[in-house]
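Please study the sequence and the three-dimensional model shown below.

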Amino acid sequence: MNKTLPPSKRKTAKADPLDVLHRLLKLGNRLGAPFSEHLEKRYHVTMNEFRVIMLIGRLGTAASHELAEISGVTTMSVSRAVTSLERKGWVVAKTDPDNRRRKILRLTKEGERLYKKMLPTADKVAKYLFESLKPADMLAFDRSVAILIESLDARDDEGRSIFIEKTKPES
C-alpha cells in the first residue's frame, strides 16, 4: 500500500483493488459515525431501523423485500427492524389489496415525525460527503457505484449470487 501520498494526490493511473476495497470499507464505517453520534441514542433506533424509516419516508410505502433490495440489507435484518418499528408505533403494515400475500409498510404519524426529525441529519451527511466533488466527479462516482452494485447483485441461472459464488474461499 502506498502510504506516502493520499489517493487524491497520486499521479499514477492504477489503483490497487485491495487498497480501494479498504478505503470503501473505511468510507462505509465513517458514514455511520453521524448516525451513532447524533441519532441512535437520541431517538432509540438501530441503524437498520433508521434505514427503514428513511426509505419508507422517501418512498411513501414499500414492502419489506423492496426495502431489502434497495438498501442491500438482508431480508431478515429488514424484517427484524420492521417488527421493532411496529412495536414502537412508527411503522404499520397493511395487506396489499391487489396482492394479499404482500404487506405494504407505511410510517405512522409518529414515524413521520421521527423521519422529519432525522432527515436534516441525513441531508447534512450527504451534502458534506459530496461537497468536495465537482458535479462531473459526482456523476462519475454515482455511475461507478451503480456499476459496482449491479455487479454485486448479479445472479447466475440458478438464482445464486455470482459475487458470493466467486468469492468463496479455497477449500
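On a 1 Å grid over the protein atoms alone, a pocket is an open set of points with protein on both sides within 12 Å along at least five of seven lines, whereas a cavity is a set of points where a 1.4 Å probe fits but cannot get out; lining residues have an atom within 4 Å of a point. Grid points are joined across faces, edges and corners, and a volume is the space filled by probe spheres set on the points. Rolling a probe the size of a water molecule over the atoms shows where empty space is left.

The model is predicted, and local features need pLDDT of at least 70, while side-chain atom pairs count only at pLDDT 80 or more and totals for chains, interfaces and linings use all residues. Residues are numbered from 1 along each chain as its sequence is written, and side-chain values use heavy atoms, with hydrogens and water left out.

The second largest pocket has a volume of about 240 Å³. Its lining consists of Leu27, Arg30, Leu31, Pro34, Thr121, Lys124, Val125, Tyr128, Leu129 and Ser132. At least two of the lining residues come from helix H1 (17–43), and at least two from helix H5 (109–130); helices (H or I, at least four residues) and strands (E, at least two) are DSSP runs, numbered from the N terminus. H5 gives the largest share of this lining, five residues. Sorted by class, the lining of the second largest pocket has six nonpolar, two polar and two charged residues. In this sorting, Ala, Val, Leu, Ile, Met, Phe, Trp, Tyr, Cys and Pro count as nonpolar, Asp, Glu, Lys and Arg as charged, and the others, Gly among them, as polar.

The structure also holds one cavity of 30 Å³ or more. The volume of the largest cavity is about 30 Å³, and the residues that line it are Asn48, Arg51, Val52, Leu55, Leu67, Ser71, Val73 and Val78. H2 and helix H3 (64–71) are the elements that give two or more residues to this lining. The largest share, four residues, comes from H2. Five residues of the cavity lining are nonpolar, two are polar and one is charged.

The chain as a whole can now be considered. The protein chain has seven helices and three strands, and along the sequence these follow the pattern α-α-β-α-α-β-β-α-α-α. Taken along the principal axes, the C-alpha atoms fill a box of roughly 55 × 40 × 30 Å. Of the 171 residues in the protein chain, 21% are buried; buried means under 20% relative accessible area, exposed over 50%, and partly exposed in between (1.4 Å probe, protein chains only).

Two strands pair if DSSP finds at least two bridges between them. E1 is joined to strand E3 (residues 99–107) by two bridges, and Ala62 has Leu105 in E3 as its bridge partner. E2 and E3 are joined by six bridges, and a hairpin connects E2 to E3 through two residues. Within this pairing, Lys94 stands opposite Ile104 in E3.

Asp96 also belongs to strand E2. With a relative accessibility of 9%, Asp96 counts as buried. Apart from neighbours within four places in sequence, Asp96 is in contact (heavy atoms within 4.5 Å) with Arg102 and Ile104.

Two further residues, Glu49 and His44, touch each other. Is Glu49 buried or exposed? Glu49, in helix H2 (residues 47–59), has 3% relative accessibility and therefore counts as buried. Not counting residues up to four places away in sequence, Glu49 touches His44, Ala81, Ser84, Leu85 and Lys88. A polar atom of the Glu49 side chain lies 2.9 Å from the backbone nitrogen of Thr46. His44 is found in the loop between H1 and H2 and is exposed, with a relative accessible area of 57%. Although His44 is not a glycine, it has a positive phi of about 55°.

Technical notes
A polar contact is a pair of N or O atoms within 3.5 Å; within protein, one must be able to donate a hydrogen and the other to accept it, and residues adjacent in sequence count only if both atoms are side-chain atoms.
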